[in-house]
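The following exercises are to be worked through with the sequence and the structure in view. Each task is followed by a solution in steps.

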Amino acid sequence: MIGARPFAAMLAAVFTLCAASTQAQQLYRWTDEKGVVHITDTPPPPSAKGVQKQKPAAVGTASSQLPYELSQAMKDFPVTLYTAPNCNEPCARARTALNNRGVPFKEVQVSDAESNKELRRVAGSTEVPVLLVGGSMQKGYEQGAFDALLDSARYPRAGILPVRNQSAPKPPEEQRPAASPSAEEPPKPAGPYAPRFSK
C-alpha cells in the first residue's frame, strides 16, 4: 500500500508532467519585421506582428498552415527552371538548390525551336540555367540570388519544408534511324544455291 506522502509526491509529479506537456503544446504564429511567418513553441519577440496563439487542441492543425502558405506562393509566384540536356553542373546545382529548399517547380528542358523561343522571350537569350519566380528572373545559378527571389515570393525558408527529390526530365528522344529492310521482312537467302526469281 502506498503511503500518503509517496502518493502525494507521485501526484505532484504527474501534475507537473501534464502541465509541462500542455505548455509544450502551446504554439505561437507570428510575423517578423521582414514579413516572414514563424511558428514556434516559445513566445515571440516584442517586435513580432500578428501574434496568434494556437490552443493545445489545435496542435495537429498547426503544421497544416505551412502547405497553405506554400500553395499561396505557388499560386502567385510559380517557379520554373529552364535547363538543357547538355547543361551539366550549373543546372544540376540549380535543381538541387530548389529541391533542398522543398520548393515545387516546373522544369523546362530547352531542346527544340519552340522551347528556345520561349526561353528567349523570358530571358532575352538562350543561356541556361534560368530561374523564373512569378515575373522575376535570374540568369545563371547563384545561391544568394535564388534565395532572394524565393524569399521575396514568400516561399518557406530552407529547413522548413521537407527536401524534395525532383530529378531532371528525360532528354527528348532523338530521331530514330529508319528501320532497315531486314527488320520488316525476313532476310533473303544468298549464295550460289539461293532461289532465283524472275521479274
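**Exercise 1.** Determine which side chains make polar contacts with the side chain of E107, and state where E107 lies.

*Solution.* Step 1. A polar contact is a pair of N or O atoms within 3.5 Å; within protein, one atom must be able to donate a hydrogen and the other to accept it, and residues adjacent in sequence count only if both atoms are side-chain atoms. By this criterion the side chain of E107 makes a polar contact with that of T83, at 2.7 Å. The side chain of R95 is also joined to that of E107 by a polar contact, at 2.8 Å.

Step 1. This is a predicted model, in which local features need pLDDT of at least 70 and side-chain atom pairs count only at pLDDT 80 or more, while totals for chains, interfaces and linings use all residues. Residues are numbered from 1 along each chain as its sequence is written, and side-chain values use heavy atoms, with hydrogens and water left out.

Step 2. E107 belongs to strand β5, residues 106-109. Helices (H or I, at least four residues) and strands (E, at least two) are DSSP runs, numbered from the N terminus.

Step 3. The relative accessible area of E107 is 12%, so E107 is buried. Buried means under 20% relative accessible area, exposed over 50%, and partly exposed in between (1.4 Å probe, protein chains only).

Step 4. A contact requires heavy atoms within 4.5 Å. With residues up to four places away in sequence not counted, E107 touches L81, T83, R95, Q166, S167, A168 and P169.

**Exercise 2.** Identify the buried residues of helix α5 and explain why they line one face of the helix.

*Solution.* Step 1. In α5, which spans residues 113-123, the buried residues are S115, L119, V122 and A123. Seen down the axis of α5, these residues fall within an arc of 75 degrees, so they line one face of the helix. The arc is that of the directions from the helix axis to the C-beta atoms.

Step 1. A113, E114, K117 and R121 are exposed on the other side of α5.

Step 2. The buried residues of α5 pack against β4 (79-83), β5, β6 (130-133) and β7 (136-139).

Step 3. G124 follows α5 and has a positive phi, near 80 degrees.

**Exercise 3.** Describe how β1 and β2 pair.

*Solution.* Step 1. Two strands pair if DSSP finds at least two bridges between them. Strands β1 (residues 27-31) and β2 (residues 37-40) pair in the antiparallel sense over four bridges.

Step 1. Opposite W30 stands H38 in β2.

Step 2. The hairpin of β1 and β2 has five residues between the strands, and G35 takes a positive phi near 85 degrees there.

**Exercise 4.** Summarise the chain as a whole.

*Solution.* Step 1. The chain has seven helices and seven strands. Along the sequence they follow the pattern α-β-β-β-α-α-β-α-β-α-β-β-α-α.

Step 1. Of the 199 residues in the chain, 29% are buried.

Step 2. Among contacts in the chain with a separation of 6 or more, 59% are between residues 24 or more positions apart.
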